[in-house]
Amino acid sequence: MTRRGRLPGGAAALLVLLAPACTGCSSPEPEPVVSTAAADPVPTSAAGLEELLVDQVPSGLPRVPDDELDPPAGEKTVDDVARYGTDAERQQEVLTDYGYTRGWERFWRTGDALTSVFLDQFADAGGAGSYAEDLARNDAEYYGGELDRVPEGLPSGCVEMVREEPSVERGLTGPAVFAWCTSGPFTVSVAAVAATEADARAEVAAVVAAQLDRLPST
């Protein structure tokens, strides 16, 4: 299934894929990332999850209003995410297997520069880890990139992928960097398209650090 980064006017910019590579197979659980946040309760509502999401990015890009995207960004339920795929019923089964409980999407953009953050919550760390692993593997297949499981500048347990060249057919108008991290029952998926690879790397690293720091200790 797909989680497609949308821009005002309906132009696709980023694509985050979600689906196991095979039915019934299990993915290795990434090493959990240790958050520096104080011990806080895990959210039990969408409003609680939203409070944990970063509200600005280091590049200073302006935020894209949720309702200017189609479908809108913001709060995501299992049903919402399942409808990104061509077989919503099957995708809902997949998400239920992951233990998906709730999510939130947020985008920032100016011109060709774009940053996206997806924060998703699961019933347990195992589901979050499997989701992140499958997400990264499918994105690598879609974009033709290589996954770096020990990326420089990112916390242990994060996976990174760099697409150095623009790919108009994939909606990437410049160099792009993607990162997938886990922290307990949460997955953090960050992507950035920027003028240079260095700029995209710096944006992703800073956003990942800020987002992980806002999550409850696990």
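Predicted model: local features only at pLDDT ≥ 70, side-chain atom pairs only at ≥ 80, totals over all residues.
Tyr 98, Tyr 100, Phe 122 and Tyr 131 form one aromatic cluster.

## Aromatic pairs

The structure holds seven aromatic pairs. One of them joins Tyr 100 and Phe 122 in an edge-to-face arrangement. This pair links distant parts of the chain, with Tyr 100 in strand 4 and Phe 122 in strand 5, 22 residues apart. Tyr 100 and Phe 122 are both buried. Tyr 100 also forms an aromatic pair with Tyr 131, and that pair is tilted. Because Tyr 100 belongs to strand 4 and Tyr 131 to helix 4 (residues 125–143), the pair ties together parts that are 31 residues apart in sequence. Tyr 131, like Tyr 100, is buried.

A pair of aromatic rings is described by the distance of the centres and the angle of the planes. The table gives these values for the two pairs.

| Aromatic pair | Arrangement | Centre to centre | Angle between planes |
|---|---|---|---|
| Tyr 100 and Phe 122 | edge-to-face | 5.3 Å | 90 degrees |
| Tyr 100 and Tyr 131 | tilted | 6.3 Å | 40 degrees |

## Strand 4 and its partners

Strand 4 covers residues 100–110 and is mostly covered, with eight of its eleven residues buried. Strand 4 pairs with strand 5 (residues 113–122) in the antiparallel sense over ten bridges. Within this pairing, Leu 119 in strand 5 is the bridge partner of Trp 104. The two strands form a hairpin with two residues between them, and Gly 111 takes a positive phi near 60 degrees there.

Strand 3 is also joined to strand 4, by three bridges, and these two strands run antiparallel. Here Gly 74 has Glu 105 in strand 4 as its bridge partner. The loop between helix 1 (46–52) and strand 3 (74–76) contains Pro 71. A cis peptide bond joins Asp 70 and Pro 71, with omega at about 0 degrees.

## Glu 50 in helix 1

Glu 50 has its place in helix 1. Leaving aside residues up to four places away in sequence, Glu 50 touches Trp 104 and Arg 106. Glu 50 and Leu 119 are 69 residues apart in sequence, yet their C-alpha atoms are 8.8 Å apart in space. Leu 119 is the strand 5 residue that bridges to Trp 104, and Trp 104 is one of the residues that Glu 50 touches.

How many residues of strand 8 (residues 176–183) are buried? Eight of the eight are, so strand 8 is largely enclosed by the rest of the structure. Ala 176, Phe 178, Trp 180 and Thr 182 point one way from the strand, while Val 177, Ala 179, Cys 181 and Ser 183 point the other way; the residues of both sets are buried.

Strand 8 has partners in strand 7 and strand 9. Strand 7 (residues 159–163) is joined to strand 8 by five bridges, and the two run antiparallel. With strand 9 (residues 186–193), strand 8 pairs in the antiparallel sense over eight bridges. Ala 176 takes part in both pairings: Arg 163 stands opposite Ala 176, and Val 193 in strand 9 is the bridge partner of Ala 176. Strand 8 and strand 9 form a hairpin with two residues between them, and Gly 184 in the turn has a positive phi of about 60 degrees.

## The chain as a whole

The chain contains five helices and nine strands. Along the sequence they follow the pattern β-β-α-β-α-α-β-β-α-β-β-β-β-α. Of the 218 residues in the chain, 53% are buried. The chain exposes about 9500 Å², and carbon and sulfur atoms supply 50% of that area. Among contacts between residues at least 6 apart in sequence, 66% join residues at least 24 apart.

Terms used:
Residues numbered from 1 in each chain as written. Heavy atoms only, no water. Helix = DSSP H or I, 4+ residues; strand = E, 2+ residues; numbered from the N terminus. Contact = heavy atoms within 4.5 Å. Buried < 20%, exposed > 50% of the residue type's maximum accessible area, 1.4 Å probe, protein only. Pairing = 2+ DSSP bridges. Areas by Shrake-Rupley, 256 points an atom, 1.4 Å probe, with all protein chains shown as cover. Phe/Tyr/Trp six-rings, centres within 6.5 Å; stacked < 30°, edge-to-face > 60°.
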